[in-house]
Amino acid sequence: MQFYLDHNATTPMCEEAIEAMAQVQRFSFGNASSVHSHGAAAREKLEEARAGIAELIGCEPGELYFTSGGTEANNWAIHGILENYARCAVVYSGIEHKSILNAVENQIWNVPVHKILVREDGLVDLGNLHYTLRTLRERPAGGNCLVSIMLANNETGVIQRVSEAVSAVKPHALVHTDAVQAFGKIVVNAKVLGVDLMTISAHKLGGPKGIGALYVRDGVEIEPMIRGGHQEHDRRAGTENVAAAVGFHVAARRRHQVLDDYQERTLLHVRELVEALECLEDTWINGAGNVRLPNTVNIGFDGVNSDSLVLMLAHAGISVSNGSACEAGSVGGSHVLKAMGLTDESTENAIRFSFSDDLPDGAIAKIAAEVIEAVESLRGMIDIPL
Ligand code: PLP
């Protein structure tokens, strides 16, 4: 029995994307910047992919820049704006992915940074955002600032009120959203959200690893982070990864074709699991009561060390995680749960289940039985042979 329930960490590639990438590697292998016919063939594929993804997120193709993934796009959004907008301040939340936290906290321009509060239910506190922005407007340097709030959290799945945040801070701030987890799981439209910058990534929705994109609204000035040739309109140098861009597009298109069904099925898996675990006492859902990604549930088990639970479930063939894969190996509980105000102990009691839409019938009952057994054994209620 093997169940992979860690789709927020990464997903297997969909067959259509694998096949489309193989075709590009075989037949459209040219350098997309070369002027000859091989280059033109690759360029055509690249631009087709860009236009297709742009359509899915509701922007113009010229507003979408391919990157090596979500991490690069997040770093670029922060550093590319700070380099360009002098006297800017950065406002961000404590539940952001490490690629935002570390980009903000390690910037070289020494601009002021403000971490806004997060409510216990996992929502970024928009009241605190208002207050922070008002305080910033009063400073002598003026109110220019960059706000970065993710669209959906990778650990809890909680969907943030990004368009409300945009209305609250305009016209004093540029807004970036990290939509890596949201894209492909819910409808994501950059124009409807009203953001100026938005990050997406391929490997969370059945596409290849190592490719993502940054939406940069027309008119926003951003400095390149990677300098070199003229690729991506002089904004992101490096020979374009055409096959990966095509794989990204094909996977994203496929997911959007079945999005309603994907949402229904994954939500059903989450509900079934939660119901099946109701027999366990002292168990809670982090981010309960909020609109969450349909495929994600983060469950706390009082008195259970999540590292041990993850290992026990892995031993039983069930792959889940406690926190982001990027933080594996770091000591202490999840920074997301800490930002939500959980006690240190509770942050170490939680694991994330992130589903795909293709679990076989009866799978949830087997998974729940393993979880119950592992939790009871870790709570010292039963002995199971390892
Ligand atoms: N942002 C979020 C919310 C993520 O969950 C991840 C990946 O885990 C990233 C950014 C980084 O994306 P990538 O793995 O493409 O670098």
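Author: The expected span of a helix is 1.5 Å times one less than its number of residues. The model discussed here is predicted.

Reader: What makes the span of helix 10 close to the expected one?

Author: Helix 10, residues 259–276, has 18 residues. From first C-alpha to last it reaches 26 Å, and the expected value is 26 Å as well.

Reader: Which residues of helix 10 are called buried, and why?

Author: Buried means under 20% relative accessible area. L259, Y262, T266, H269, V270 and L273 are the buried residues of helix 10.

Reader: What do the buried residues of helix 10 pack against?

Author: They pack against helix 9 (242–257), strand 10 (296–301), strand 12 (350–354) and helix 14 (363–378).

Reader: Why are strand 9 and strand 10 called a pair?

Author: Two strands pair if DSSP finds at least two bridges between them. Strand 9 and strand 10 have 3 bridges, in the antiparallel sense, so they count as paired. Among the residues involved, T283 has F301 in strand 10 as its bridge partner.

Reader: What makes strand 9 and strand 12 edge strands?

Author: In the open sheet, with order 9-10-12, strand 9 (283–285) and strand 12 each pair on one side only.

Notes. Residues are numbered from 1 along each chain as its sequence is written. This is a predicted model: local features need pLDDT of at least 70, side-chain atom pairs count only at pLDDT 80 or more; totals for chains, interfaces and linings use all residues. Side-chain values use heavy atoms; hydrogens and water are left out. Helices (H or I, at least four residues) and strands (E, at least two) are DSSP runs, numbered from the N terminus. Buried means under 20% relative accessible area, exposed over 50%, partly exposed in between (1.4 Å probe, protein chains only). Contact means heavy atoms within 4.5 Å.
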